[in-house]
Amino acid sequence: ASCVSVAGVVSAVLTTPLDLLRTRLNLRGGMDAVPECAARKGPSSPPALALLREEVVDVYRSRGMRGFFAGGACRAAWLGLGGFIFLGSFELAKKNLLGGDFAA
């Protein structure tokens, strides 16, 4: 269970920038919700990569590289603890149901 916990923490920290950008793109809503995008809407509405680039630049300008890892500690704690509890519960149930050695 400890290995899963460590793996959860590492994966959470490494994927926080991607999750942050995905969340910011989802929160943008429709193109009409953002005034500068609504003005550009039409036959040449921005492709997904242009929107992603705008978000990357916005995060970097407002908070620097640290901005990409905002909330990373909470995600790491959540995934680390969740992995520990989930796999620990699984191993305990396996031991009790099979009646075998815990390490098996």
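1. In this predicted model, Glu91 is buried, with a relative accessible area of 17%; buried means under 20% relative accessible area, exposed over 50%, and partly exposed in between, with a 1.4 Å probe and protein chains only. Glu91 forms a salt bridge with Lys94, whose closest N and O atoms are 3.5 Å apart. A salt bridge is a side-chain nitrogen of Lys or Arg within 4 Å of a carboxyl oxygen of Asp or Glu. Lys94 is partly exposed at 26% relative accessibility. Glu91 and Lys94 are separated by about one helical turn, because they are three residues apart in helix H4.

2. Arg75 forms a salt bridge with Asp19, the closest N and O atoms being 3.6 Å apart. Arg75 lies in helix H4 and Asp19 in helix H1, so the pair ties together parts 56 residues apart in sequence. Helices are DSSP runs (H or I, at least four residues), numbered from the N terminus.

3. Arg28 forms a salt bridge with Glu54, with the closest N and O atoms 2.8 Å apart. Arg28 counts as buried at 13% relative accessibility, and Glu54 as partly exposed at 26%. Arg24, Arg28, Glu54, Glu55 and Asp58 are linked in a network of salt bridges.

4. The protein chain has four helices and zero strands. Of its 104 residues, 22% count as buried.

5. Residues are numbered from 1 along each chain as its sequence is written, and side-chain values use heavy atoms, leaving out hydrogens and water. Local features need pLDDT of at least 70, and side-chain atom pairs count only at pLDDT 80 or more, while totals for chains, interfaces and linings use all residues.

Key. Helices (H or I, at least four residues) and strands (E, at least two) are DSSP runs, numbered from the N terminus.
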